[in-house]
Amino acid sequence: MLSENAIKKLTGLLGKENVLHEKEDLITFGYDATPEIQYLPDVVVFPTSSEQVVDIVKFAREEGLPIVPRGSGTGLSGGSVAAEGGLILCLTRLNRILEIDEENLTATAQAGVVTLDFFDAVSAKGLFYPPDPGSQKISTLGGNIAEDAGGLRGLKYGVTRDYVMAVKGVLGDGLTFTTGGKSVKDVAGYALKDLLVGSEGTLGIITEATFKLIPPPQAKRTLLAYFKDTRTAGAAVANIIAAKIIPSTMEIMDNATIKCVEGYANIGLPLDMAALLLIEVDGHHAAVLEEADDVRAVLERVGAAEIHEAADAEHANQLAAARRTALSALARVSPTTLLEDATVPRSRLAETFDEIERLSEKFQLKVGTFGHAGDGNLHPTVLCDERNRDEMERAHAFYNELYEKVLAWGGTVSGEHGIGLAKKDYLERQIGSGGVNVMRRIKRSFDPDGVLNPGKIFTDKDAEKTDG
Amino acid sequence: MAEKKCLGNFPLADEPHYEGMLQCMRCGFCLPTCPTYVLTGRERSSPRGRVALAKAVADDQIAFTGALKEESFFCLDCRACTTSCPSGVHAGRVMEACRNQAHEAFPLTGAVRKFREFILQRMLPSPDLLETSMLPARLYQKLGIQWLIRHSHLLKLGPDWMQKAEGMMPELYPPLRPQLPEVIPAVGEQRGRVAFFLGCIMTLMYPEVSRQTVKVLTHQGFEVLTPKEQKCCGAPHLNEGDRSTTRQLAQYNLDLFMELDVDAIVTDCAGCGASLKEYEELLEETGDHEKLAKFHSRIKDVSEFLAEQGLRTDVLKPVDKSVTYHEPCHLCHAQGVSRQPRTLIQQIPGIDYRELKEASWCCGSAATFSLKYTSESQLILDRKLENVRATGADLLVTANPGCHLQLAWGLRQANMPQKVVHITELLGMATG
């Protein structure tokens, strides 16, 4: 809790409406969408200009408070919670789109702009911003950059990182910085913006960014394939990629997910199928026709049980929207949904499904799996109850063993959700102590006093360890 | 109730269901659909935040504080979050249960308490008392005092809400309930028989609307039964956090209507319909599940019923108007009736239908919210009015008296030309 004087100082800087410190506010800024995570901050502030961000940083330094940048709090690894208390710097009121530059095909926006609002604004000018994380209706661009958010279109169009051209922000000592610009090519010194993308709020506070835009595809076709077993669905994905077709979207849902999503969305998904693939191809009219036919041929060859095509754009949008609800819909059937973000090279997808099935039997767990199959990015989700300690232990053992395999296959413990608090224990297993040590050094050079989002990704207070 | 151990720090039994709160996985999908979150940007004023606070009370983390009382009444109970929630969380219901708790945690005293008890426990449950109480208001209008007061700014001296309430009052006609015969035969070939649940606000403030509802139903081939002894559905009580009176009224209406041999129980008030459909949950502890389920399956909003039965279009004459449609929260979010009214409107010959942007966004009326939070309500209303303006339609159709009052008032204040009509009024225009 802050002293009355400190609160008075903050309200003087930002205005009363931009400072929250009542217990009820602290509780509701104590979580994001990650299960089992709740930490009370000391205070929550909403800057309305980048200058105020500098003032806030200086204030926090005087008071000795850690600073935790936050957007809408939809993250899935605990990135925006105050794990060591401190000040939540909520950027949702820095929410202006500053420029859409049609000559350079870029747009510049403040960090608190909602992803979908940004998408809509550039769409209105005939331009396209592809990254579309599941929570795009409320997630913010700043949060997307900090977590390097992916989405359904990642397969063909890439992720947030691929669209960030410039970043403006404030460091933990109040220094403001700009890195990158509108030039398509830029090798002037270290690519600092690439360090900031995916830095999870540990290196700097992002206040503004410039994004690359592209012309939208002219045509799109959406296919829906049903499978009697998940292995065949995995094989279909690998075969489509091997046939050198890159759909814009290739999403998978297993039976448990299908049932939950259908229960919410009522769009006629098949409740008796083991898995479905939602595949979109887009681009030039002629190419799209050809690619859709090629995809269909592969699906037939590997033995999909049924293949359907979306009747029109509205139907296709409904299907994509329904897929975006998968995680939340799984929460219908159990009090706790433990979600993971394992990603494997695509050729390993079928084996990963087998492994998930084997492990859920071994640990006697109910698991729903969905994800961006085309990216090899799966979200096996354990449907459990946090009050059942035994079940929770089995769930964590399940992930532990699954990650061993994923890493052995050259995969990663997090495809798009970030490490945050949730996956800290796995990071070193993946990149080794050498990798973590380099990260620690980078962190120290940006934030020598460790005031920015402490306790995330790795424990930065630890002394540097040596390999072996 | 004192002997039963309450959940966590809730002061009263009848707490929100713990499982229902645990169901929230805090994904945030509700945030952009919640008018009070969009207005304030404050997490505690969001569905996810409100559920988290109620859960914190249940988990002994906080006491049932003033902030939770405030949030439970600041929630519009518009249920937009229910529609948007893939996990099936009912944040509105959690807040309704908290309103009840709030009265225990922060009891009213003296005259205010007596007044509330009189309104909720005596006046609203008694149709006769209600109708008599409206008499002075009608006289006041008839004598032209209303015009005088509206134009003399006399009421500006009072608090905001009184001025607004005064300005919202539609032209009043004698209540419909005592006038309506208990049985009205179908016109033309009879297709069925329905009971008509006539809501308090409909009979008192919009008797001419409900008259059209009955006319439309009979012309569509349904015999209409309107039991005179019916009482308030209980929505105002639930809204104000008086769950025990709500349950008494629910049991009374349940027994009364289940005596009737009808195909459906139809209402033209979205608020009543939503409330009647919740009797099953409200009375679940009585254990009479079969009766409750049957009652639930018979409750139909008039649009839902007519769309299900199929509109007899051969009896309709053209209405040459451009119209747009505002979805009452308690119809689209609480009852899931969204497509049906649009289908009916478009079946009327001559209608130029124009879809309203953000049609299912609350109008800011939300029972007494518009009087308790006048400035917040105004901001929510302004957003709605801008969207109405963009349609350029002649008529704004809706299906709930709360929305009707708020929208008509808002349009008048903004000097906009649109007239607000209930969907049965529109169908009435098309019915000879």
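Of the 468 residues in chain A, 54% count as buried, where buried takes 20 or more other C-beta atoms within 10 Å of a residue's own, exposed takes 12 or fewer, partly exposed is in between, and C-beta atoms are placed from the backbone. Residues are numbered from 1 along each chain as its sequence is written, while chains are lettered from A and ligands numbered from 1 in the order in which they are written.

Scores next. The model has ipTM 0.94 and pTM 0.90. Chain B averages a pLDDT of 90, with 92% of the residues at 70 or above; pLDDT is the predictor's confidence in each residue, from 0 to 100. Over residues 152-158 of chain B the pLDDT is below 50, and this stretch has seven contacts in the model beyond near neighbours in sequence. A contact here means two C-beta atoms, placed from the backbone, within 7 Å. Where pLDDT is low, the predicted coordinates should not be read in detail.

Now chain A as a whole. Its C-alpha atoms fill a box of roughly 70 × 60 × 45 Å along the principal axes. Among contacts between residues at least 6 apart in sequence, 71% join residues at least 24 apart.

Chain A has 15 helices and 16 strands. These are DSSP runs numbered from the N terminus, helices being H or I with at least four residues and strands E with at least two.

One open sheet of chain A has seven strands in the order E13-E10-E12-E11-E15-E16-E14, with antiparallel pairing; strands pair if DSSP finds at least two bridges between them. The edge strands are E13 (306-309) and E14 (336-339) of chain A, each pairing on one side only. Within the sheet, E10 (219-227) and E12 (275-283) of chain A pair over nine bridges, and Arg221(A) has Val281(A) as its bridge partner in E12(A).

Two helices of chain A lie on these strands. H8 (230-242) lies across E10, E11 and E12, at about 20 degrees to E12(A). H10 (285-302) lies across E10, E12 and E13, at about 5 degrees to E10(A). Axes are lines fitted to C-alpha atoms, for helices over the stretch in contact, and angles run from 0 to 180 degrees between N-to-C directions.

Take one residue in strand E11 (249-254) of chain A, namely Thr249(A). Is Thr249(A) buried or exposed? Thr249(A) counts as buried because 28 C-beta neighbours lie inside 10 Å. Beyond four places in sequence, its contacts include Leu152(A), Arg153(A) and Ile279(A). Ile279(A) is 30 residues away from Thr249(A) in sequence, yet the C-alpha atoms are 5.4 Å apart.

Last, the contact between the chains. It takes 28 residues from chain A and 25 from chain B. On the chain A side, H2(A) gives the most, with five residues. That side divides into 11 nonpolar, nine polar and eight charged residues; Ala, Val, Leu, Ile, Met, Phe, Trp, Tyr, Cys and Pro count as nonpolar, Asp, Glu, Lys and Arg as charged, and the others, Gly among them, as polar.

Terms used:
This is a predicted model: local features need pLDDT of at least 70, side-chain atom pairs count only at pLDDT 80 or more; totals for chains, interfaces and linings use all residues.
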